[in-house]
Amino acid sequence: MRFLTAGLTIGFAWAAAMPAGAMTLIYGEAGPNRGVRAEATQWFVDQVAEQTNGELTIDVNWGGALFSEKAAVQSLRDGVADMGSVIGVYFPQDMIAYGLADLPIPNPDPWVGMKATDKLMRENEQIRENLAQQNLVYIGTYTTSAVQVGCKGKTIESLDDVKGVKIRGVGAYGKVFHDLGATPVDMSVYEAYQGLDTGLIDCTQTYPYLVEALKFDEVFTSYTEIDFGQIGALGIMMNKDSFDMLPPEQQQALLSAGEGLADEFGRILTDANQRSVQILADKDVPILKISDDDRARLAEMGNKYVEEWIGRADAAGLDGRSLVDEYTALIAEYTQLRSDQGYPWAAKAN
């Protein structure tokens, strides 16, 4: 018996209480053990244990105990942990393929985005090879859900209102805000509450569930639904050496639980998003929507950043155009599936 802990074999004494052939994988997570993503991560951990009858367990190290979010890729490649969460925007070159899910491609539905991203990352051979060259294996994905804007002391009713606003933006979305005349401010979403409270920023790129999670209802005086794509390059990667050392049935359990993560997190996130928007409504915070014309304008402005990504992907040895085409086709496929059959958790409930 052995455990895979940061890629190393450890303690036979610990194995006495474990099933025969049991292994424990070490998981690095920069975020805290609370909130919707932590809930989904625990579901994934429990699924792996259940599918392997307790022979494969996962020890999650929360709060950046093993590595920070900006050191995740190198740490996983080097075996600091067997697996862990990766935020693609921090690794524009290493996670170039995954970064496709961060592009301003219109799709406000988190479940659709995750299913499209998951299938692409799981089945596209050039992406799998790109990750393998980095000693990584893709396991499963999360998403932020649709990009929205929350403000204090400002109101965004149309794209013209963005001009002159100090705003926290990330990736291509922040670049588009800049193109609209906003003043971008570089800070994490976890710093946005204080930034709004002190006047360092007027508005922040945000996602519905964060209203509840980060108590944005205490500082937002307006909230605008722009439904401007998603930050979808957020998921679980595994050290390939650790993955390859597992027996096939345990590898399959990881992949199966990872594939199911999109459905489970979709359920969790949809509920959390609805609760958060209701919290704002209950406090009489104006909830605004931009016009369809403005939304089309956003999509058009985002096109140049999609083209920019295609160029970078091509330079990395990928076929950028085909990946964008495949991704947008998958979005259309899962949008239609949702329209025809509804969400999978709703079907189970019935």
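**Rings and cores in a predicted model**

Modeller: In this predicted model, Trp111 is buried, at 3% relative accessible area.

Colleague: What geometry do the rings of Trp111 and Tyr343 have?

Modeller: The ring centres of Trp111 and Tyr343 are 5.9 Å apart with the planes at 85°, so this is an edge-to-face pair. Trp111 sits in helix H3 and Tyr343 in the loop between helix H11 (320–341) and helix H12 (344–349), so the pair ties together parts 232 residues apart in sequence.

Colleague: Which residues form one aromatic cluster?

Modeller: Trp111 and Tyr343, together with Tyr334 and Trp345.

Colleague: How many aromatic pairs does the structure hold?

Modeller: Eight. One of them is Tyr98 with Tyr138, edge-to-face at 6.2 Å centre to centre and 75° between the planes. Tyr98 is in the loop between strand E3 (83–87) and helix H3 (110–123), while Tyr138 is in strand E4 (residues 136–141), 40 residues apart. Both tyrosines, Tyr98 and Tyr138, are buried.

Colleague: Switching to the largest nonpolar core: which members touch the most others?

Modeller: Phe44, Ile58, Met83, Ile139 and Leu254, out of 69 residues. Helix H9 (residues 248–282) gives the most to that core, nine residues.

Colleague: What is Ile139 in contact with, leaving aside neighbours within four places in sequence?

Modeller: Its contacts include Phe44, Met83, Phe243 and Leu254, and also Arg122 and Glu259.

Colleague: What lies over the face of Tyr142?

Modeller: Arg37, at 5.6 Å from the ring centre.

Conventions. Residues numbered from 1 in each chain as written. Predicted model: local features only at pLDDT ≥ 70, side-chain atom pairs only at ≥ 80, totals over all residues. Heavy atoms only, no water. Core = buried A, V, L, I, M, F, W, Y, C linked by side-chain atoms within 4.5 Å. Buried < 20%, exposed > 50% of the residue type's maximum accessible area, 1.4 Å probe, protein only. Helix = DSSP H or I, 4+ residues; strand = E, 2+ residues; numbered from the N terminus. Contact = heavy atoms within 4.5 Å. Phe/Tyr/Trp six-rings, centres within 6.5 Å; stacked < 30°, edge-to-face > 60°. Lys NZ or Arg CZ within 6 Å of the ring centre and 35° of its normal.
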